Amino acid sequence: LTLLNAYHAFKAKLVEGGAQAAKEWCMENFVNSRSITQADSVRTQLERIMTRFSFSMQSTPFHSAEYYANIRRCLLAGFFMQVAHRQGTGHYLTLKDNQVVVLHPSCVPMDAPEWVVYHEFVLTSKNFIRTVTSVDPEWFFDASEKYFDLDSFPAGPTKVALQRAKRTRG
C-alpha cells in the first residue's frame, strides 16, 4: 500500500505541476522516476485494454473507508499462496510449507500484523519476506476455498487461527 500511496502522490503532482514537477517530486522523495512513469504507462495500457473489450472498470472511491480494505482483498486474491502467520516468538511461518521467515528490514509496517500476504521470499543469511501487506484471515476462504481447506493443514497454532477465522466468518 505504500507503493500505491507513492503512485497517488506522483499522479497528484503530475496533474498539479506537470511532468517536470513530478520528476522533481520523485527526486525529493527518493522514488525512481522511470519506474513510476512505467507503472503509470502500464496502468494506462490496462485501462485501454479494458475499454477495448468492454470490461466495466469499477473502483472504490479513493476517499471511501473501504478503499484500502478492497485493495488488500485484491492482493490476497492474487497472492493467496503467499501468506504468512505471525508466531508467538515474533517470526512468521509461511502457510503451507511452514518456512520460518522474518519481515525484511525494508518493510515498513506500523506494527507486526498477525497475517500478511507477501510478494517476495528472499533467501540470505535469514529467510525474509518482502513487500508485505496485512490481511484479514476471514478473507482467505473467499480468495480460494480449496487452498484454505482446513483438512489439509497440519495441527498447530496456524490451523487453530484459521479455524477461528472461519467460525468468525460464519
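The model is a predicted one. It describes a chain with 5 helices and 5 strands, arranged along the sequence as α-α-α-β-β-β-β-β-α-α.

**Overall dimensions and surface**

- The C-alpha trace of the chain spans about 55 × 45 × 25 Å along its principal axes.
- The chain has 170 residues, and buried residues make up 30% of them.
- Of the contacts between residues at least 6 apart in sequence, 54% join residues at least 24 apart.
- The accessible surface of the chain is about 11,200 Å², and carbon and sulfur atoms account for 56% of that area.
- The chain carries 19 positive and 16 negative charges, whose mean positions are 3 Å apart.

**Nonpolar surface patch**

- Five residues, Val 42, Leu 46, Ile 49, Phe 53 and Phe 55, form a nonpolar patch on the surface.
- Together these residues have about 490 Å² of accessible area.
- Val 42 belongs to helix α2, which covers residues 33-52.

**Loop residues with positive phi**

- Ser 54 is not a glycine, yet its phi is positive, at about 60 degrees.
- The relative accessible area of Ser 54 is 66%, and the residue is exposed.
- Phe 30 also has a positive phi, near 55 degrees, and is a residue other than glycine.
- Phe 30 is placed in the loop between α1 and α2.
- Phe 30 is exposed, with a relative accessible area of 78%.

- Helix α1 covers residues 2-28 and contains Ala 6.
- Not counting residues up to four places away in sequence, Ala 6 touches Trp 25 and Ile 36.
- The C-alpha atoms of Ala 6 and Asn 29 are 9.0 Å apart in space, while the two residues are 23 apart in sequence.
- A salt bridge joins the side chains of Asp 40 and Lys 11, with an N to O distance of 3.1 Å.
- Because Asp 40 lies in helix α2 and Lys 11 in helix α1, this pair ties together parts that are 29 residues apart in sequence.
- Asp 40 is buried at a relative accessible area of 12%, whereas Lys 11 is partly exposed at 28%.

- Arg 72 is a residue of helix α3, which covers residues 67-78.
- The relative accessibility of Arg 72 is 16%; the cut-off for buried is under 20%, so Arg 72 counts as buried.
- Beyond its neighbours within four places in sequence, Arg 72 is in contact with Leu 1, Thr 133, Ser 134, Val 135, Asp 136 and Trp 139.
- Among these contacts, Asp 136 forms a salt bridge with Arg 72, and the closest N and O atoms are 3.6 Å apart.
- This pair links distant parts of the chain, 64 residues apart: Arg 72 is in helix α3, and Asp 136 is in the loop between β5 (127-134) and α4.
- Asp 136 counts as partly exposed, with 30% relative accessibility.

**Phe 140 in helix α4**

- Phe 140 is found in helix α4, residues 140-143.
- The relative accessible area of Phe 140 is 0%, and the residue is buried.
- Leaving aside neighbours within four places in sequence, Phe 140 is in contact with Leu 76, Val 83, Trp 115, Val 135, Phe 148 and Leu 162.
- Phe 140 and Ala 77 are 63 residues apart along the chain, and their C-alpha atoms are separated by 8.3 Å.

- Arg 164 and Glu 114 form a salt bridge in which the closest N and O atoms are 3.9 Å apart.
- Arg 164 lies in helix α5 (residues 157-169) and Glu 114 in the loop between β3 (100-103) and β4 (115-123), so the bridge ties together parts 50 residues apart in sequence.
- Arg 164 is partly exposed at 41% relative accessibility, and Glu 114 is partly exposed at 33%.

Methods
Residues numbered from 1 in each chain as written. Predicted model: local features only at pLDDT ≥ 70, side-chain atom pairs only at ≥ 80, totals over all residues. Heavy atoms only, no water. Helix = DSSP H or I, 4+ residues; strand = E, 2+ residues; numbered from the N terminus. Buried < 20%, exposed > 50% of the residue type's maximum accessible area, 1.4 Å probe, protein only. Contact = heavy atoms within 4.5 Å. Areas by Shrake-Rupley, 256 points an atom, 1.4 Å probe, with all protein chains shown as cover. Lys, Arg positive; Asp, Glu negative; His and termini not counted. Charge placed at Lys NZ, Arg CZ, Asp CG, Glu CD. Patch = residues over 30% accessible without salt bridge, like charges linked within 9 Å, V, L, I, M, F, W, Y side chains within 5 Å. Salt bridge = Lys/Arg side-chain N within 4 Å of Asp/Glu carboxyl O.
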